[in-house]
Amino acid sequence: LVQANQARFGNGHRHFIHHDLIQQVPGAFDLVFCRDCLVHFSFKDIFASLKNLRASKSAYLMTTTFTGQEVNADIPTGGWRPLNFGQAPFHFPKPVVIFEEKCTEGDGLFRDKSLAMWRLSDLKI
């Protein structure tokens, strides 16, 4: 998928890469687009990933969040659950921008699924 997107959409200003967010600090980017990824990580691995993103000096993070989720559950990495990054243990501030996906999966169970963007420098990690 990464190679196909790079071939189709990549250019001198847009790059698609494969990267281990948990173990490695990525390069600095204007925006790290991390859709449907962090919802598969344990809290420990999410915080490791966020620390690596902050260390990269990238400007913004856009990631999946479920705005109606009131309580976030921890899981082993590789599982899945909805996460609301505005709730504990993350307590992200109000996003710079949020796009509601209007998700219809699960007969509307996940209609609050959104993509939200934060300045990485605003996150308390």
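Biologist: Two strands pair if DSSP finds at least two bridges between them, so which residue in E4 is the bridge partner of Leu 61?

Modeller: Trp 118. Strands here are DSSP runs (E, at least two residues), helices likewise (H or I, at least four), numbered from the N terminus. Bear in mind that this is a predicted model, where local features need pLDDT of at least 70 and side-chain atom pairs 80 or more, while totals for chains, interfaces and linings use all residues. Residues are numbered from 1 along each chain as its sequence is written, and side-chain values use heavy atoms, without hydrogens or water.

Biologist: Fine. In what order do the four strands sit in the open sheet?

Modeller: E1-E2-E4-E3, with mixed pairing. E1 and E3 (97-100) are the edge strands, each pairing on one side only.

Biologist: New topic. How many salt bridges does the structure hold?

Modeller: Five, counting a side-chain nitrogen of Lys or Arg within 4 Å of a carboxyl oxygen of Asp or Glu. Arg 35, Asp 36, Glu 101 and Lys 113 are linked in a network of them.

Biologist: How far apart are the closest N and O atoms of Lys 113 and Asp 36?

Modeller: 3.1 Å. That pair links distant parts of the chain: Lys 113 is in E4 and Asp 36 in the loop between E1 and H2, 77 residues apart. Asp 36 also meets Arg 35 in a salt bridge at 3.2 Å, N to O.

Biologist: Is Lys 113 buried or exposed?

Modeller: Buried, at 8% relative accessible area. Asp 36 is partly exposed at 29%, and Arg 35 is partly exposed at 38%.

Biologist: What about Arg 81, where is its place?

Modeller: In the loop between E2 and E3. Arg 81 is buried yet has no salt bridge, with Asp 74, the nearest side chain of opposite charge, 4.1 Å away. For charge, Lys and Arg count as positive and Asp and Glu as negative, leaving out His and the chain ends.

Biologist: Which backbone oxygen does the side chain of Arg 81 reach at 2.8 Å?

Modeller: That of Phe 41. The backbone oxygen of Val 39 also lies 2.9 Å from a polar atom of the Arg 81 side chain.

Note on methods:
Two strands pair if DSSP finds at least two bridges between them. Buried means under 20% relative accessible area, exposed over 50%, partly exposed in between (1.4 Å probe, protein chains only). A polar contact is a pair of N or O atoms within 3.5 Å; within protein, one must be able to donate a hydrogen and the other to accept it, and residues adjacent in sequence count only if both atoms are side-chain atoms.
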